[in-house]
Each structure stands twice: as C-alpha cells, then as structure tokens.
Amino acid sequence: MRKAARLIGILLFGALLSACASDRMRALDRAPALVTSPAADKATLVFFSPFSDAGGAMRSSVFDISDGRMDLIGIVSTGRKVAYGSNTGRRRFMVIGESADFLEADLLPGKTYHARIVTRLGAWKARFSLVPVVSSDPKLEGELNACKWVENSPASYAWAQDNMPSIRAKLAKYLPEWERKAAKPFLAASDGR
C-alpha cells in the first residue's frame, strides 16, 4: 500500500513537471539526418524511453560527460527518442532524475547505438538508468517505432544552463558510487549497427 501511494505521488509530481517541461524539446516529424545518414567519422546514439506504467509523465535529462565536459543530449520524456552524434572511442553518458546513473560505451565511426532509459522509483521523484541495447534485441524496433523523435531547443539548453549547479552536484555525488560497482552497464563497439 505504501509503495502504491509513493508511486501515485511520483506520477502526479512527474505529470506536473512534464506539463511545465513539455515544450523544452522540439518535436520532429521524421528521423534526424544523423540517423538516416550517419557521419562516417562519428557514432550515432539513440537514447529512448519506451512506454511503461508511468505513462508520459516521466522525463529524464541525458548528458555526454566524456572528456570532462557536460553536453546536454536531451530531455527525454516517456515515448520519446533523441539522436546524438558522438565522437568515437571510449565515452561516458549520464542520465539524471532524482539521482544520476551512468553508461560507458566504446563507439565505432559510422555505427548507430541504442540506450534504453529505464524508470525506477525514487524517494520523491523518478530515478533513471541507461541500459545498453544490442542491435539484435528483438524488442528494439518495436520500442523505437513507438517513440517520437525530439531534439534540443533553446528552451532545453536554457534549462540545462539554469540547472547546472544541481546537475554537477548529482554527478559529484553519484559517479563515485557508480565507479565502485563491480558490474557497470557497457555499450560495446559490437552492439551497434
């Protein structure tokens, strides 16, 4: 009963946040060019949040934190997907909600990779994880087709800039914990297509 009440509270809070943030990302009517015609010297990553029991109320923020930088990839609501053109080689990505979680990747040029954003219960808001998805995953195409494309807009970049102190605090708090884990999510070079 307590778990159900907490989930209802999270959903209501998430719906409120989603209503306030729904226009931060720009909706696209087709796949971005970096998906349909990937650059030969870059890797393309698609971060997607498939539909779940949480409906469309949950949204997460995804960043490329490789090379000591903090680049916003996008704010991804349930049922949405965002494409990102990444440098190749060893990379690290972060997803934030109530906490932060991370994904390591080894990316090859000209390949497209996928990471599923999974919602978990938190104390006050949703928590998220990045799950590497191999290109042969039988659920991948169906989940991708059910999601709509979005891209960053001036509003999403402004949100990231305004919230950067909180984002950096979550990175500083949760990355050391994640690095101590024995098993970490990893997107291997062979996982792309």
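The protein chain has five helices and eleven strands; helices (H or I, at least four residues) and strands (E, at least two) are DSSP runs, numbered from the N terminus. This is a predicted model: local features need pLDDT of at least 70, side-chain atom pairs count only at pLDDT 80 or more, and totals for chains, interfaces and linings use all residues. Residues are numbered from 1 along each chain as its sequence is written, and side-chain values use heavy atoms, without hydrogens and water.

User: What share of the 193 residues of the protein chain counts as buried?

Analyst: Buried means under 20% relative accessible area, exposed over 50%, partly exposed in between (1.4 Å probe, protein chains only). Among the 193 residues of the protein chain, the buried share is 48%.

User: At roughly what angle do the axes of helix α4 and helix α5 cross?

Analyst: Axes are lines fitted to C-alpha atoms, for helices over the stretch in contact; angles run from 0 to 180 degrees between N-to-C directions. Helix α4 spans residues 154-162 and helix α5 residues 164-179. Their axes come within 5 Å and cross at roughly 65°.

User: Which residues of α5 make the contact with α4?

Analyst: Contact means heavy atoms within 4.5 Å. From α4 come Trp 159, Ala 160, Gln 161 and Asp 162. From α5 come Met 164, Pro 165 and Ile 167.

User: Is Ala 160 buried or exposed?

Analyst: Ala 160 is found in helix α4. Its relative accessible area is 5%, so Ala 160 is buried.

User: Which residues does Ala 160 touch, not counting those up to four places away in sequence?

Analyst: Sequence neighbours up to four places away are left out. Ala 160 then touches Phe 63, Leu 72 and Ile 167.
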